[in-house]
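Take the sequence and the model together.

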Amino acid sequence: MATEVKKTEKSWKEMTPDEKLQKRIDAWLAEPINFVSAQAEADYKARINRFLDAVTLRKIPDRVPVMPGLGAFAQHYYGYTQKDMMYDPDKANEVSMKATLEFQIDVQITVGDRVGLVMDILDNKNNRWPGHGVPDDGETQFLEAENLKADEYDAFMRDPTDFGWRVITPRTTGALEPFAKLSAASHRGPNVADFGRPEIQAAFMKLMEAGKAQVAFQQKTAAGARKLKELGYPVTEGSTTGAPFDSIGDSLRGTVGIVEDMFKRPEKLLEALEWFTSRNIERGLAGARMGNAPVVAFHLHKGSDTYMSDEQFRTFYWPSLRKVMLGLINEGLIVSGGNQGFHNKRLEYYRDVPKGKVFWSVGYGTDIARAKEVLGGVSCIRGGITADILHHGTPEEVEGHVRHVMDIAKKGGGYIFSTSNMDSHAKVENVKAMIASAKKYGVY
């Protein structure tokens, strides 16, 4: 008599990207949450499914997801500064809770994740932040520097951990400058004698102090986010990574350095871009834990129309970015392309991705009608309103603008209503008109 062999579940490696994504979606929806009510649970799942319907193009949702970025506006509206949000997690939680419940959009309203005390302790050299070079209610500013010299590519790629600790970190972090005196690690490990030097010990003590501050802040904000989930408001971003070109050009070579490299040492730059590709995939996967939102966000800085020519984009930017995106998609993830600046000339390139696996932000410089025409049916687009009308317009003008955008962008699904460049100067009556209008005209 033949023995029936029971089929076992597929292993992760045997699954297709679609099967992996469904596994991640199922885990996200099944996250154990102690909802305050059955209605909160229903609202939570409805918001997630509305988002997924729009992003994956699997069907037209009941209405357009409304997900404007209200962080800077919200903190000002409730009487706090940017500095408050960076130094006091209780105030940050208060703003998130009040804003999310008052404005009723389809996602939690968050107010940033930089921890001011950590930046103080470590003497961060890469930023100016509230109370440290900008006003208390000013935006944190990134300071580019040539933290990797033109002749250091090979040393960096040969052993990025050793190079990062002994060279990059001392250049970017004042409290850890003594790490420049560490001996190069060998196959036998570090030179133990280094850790007997008072200046090295002091640097490690600063690092431990900063670590405690980071954990304490994050534990409180994580608890706040958990409460909002219990009330029915999801988080729709699970991890982050970046374009290899931006990884090099932002914090290693700087804009001037990487532009020089495109002309003076293109082969070495292309080698480094390929090297960063696998690492940026690993970075995105590291944060994409099962049960989180299966979305990896990219904040794309240097690929705009005005930064480089089409030939340069085609050579240095898009190929490695696309490889990172495909690497994550193959692991069952959705990619969020956060374009900054003008991307009208890049839209045809952005079509070259799997259907329903990437959604692109359409910022202040990109024509949303053309973006819908080019990307519609392939990718969801996200955007719709810029800061100027929220600052200077009337509620009636805001409503008219939102209706116009919806007429263009919501057709056939694949659209998320959002904002760009919103800050504390937005008028509250305009913000409320924007949200109400988006829900009104976003219904299918």
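Four bridges join strand β7 to strand β8 (residues 380-386), and the two run parallel. Strands count as paired if DSSP finds at least two bridges between them. This is a predicted model: local features need pLDDT of at least 70, side-chain atom pairs count only at pLDDT 80 or more, and totals for chains, interfaces and linings use all residues. Residues are numbered from 1 along each chain as its sequence is written, and side-chain values use heavy atoms, without hydrogens and water.

- Helices (H or I, at least four residues) and strands (E, at least two) are DSSP runs, numbered from the N terminus.
- β7 spans residues 358-362, and four of its five residues are buried (under 20% relative accessible area, 1.4 Å probe, protein chains only).
- Val362 stands opposite Gly383 in β8.
- Strand β6 (residues 334-339) also pairs with β7, parallel, over three bridges.
- Gly337 faces Trp360 of β7 there.
- With helix α15 (residues 368-375), β7 and β8 form a right-handed β-α-β unit: with the strands pointing away from the viewer, the path from the first strand over the helix to the second runs clockwise.

**Second largest pocket**
- Its volume is about 190 Å³, the space filled by probe spheres set on the grid points.
- A pocket is an open set of points on a 1 Å grid over the protein atoms alone where a 1.4 Å probe fits, with protein on both sides within 12 Å along at least five of seven lines; lining residues have an atom within 4 Å of a point.
- Helix α8 (residues 160-172) gives the most to this lining, with four residues.
- The lining includes Trp165, Arg166, Asp194 and Phe204.

Conventions: Buried means under 20% relative accessible area, exposed over 50%, partly exposed in between (1.4 Å probe, protein chains only).
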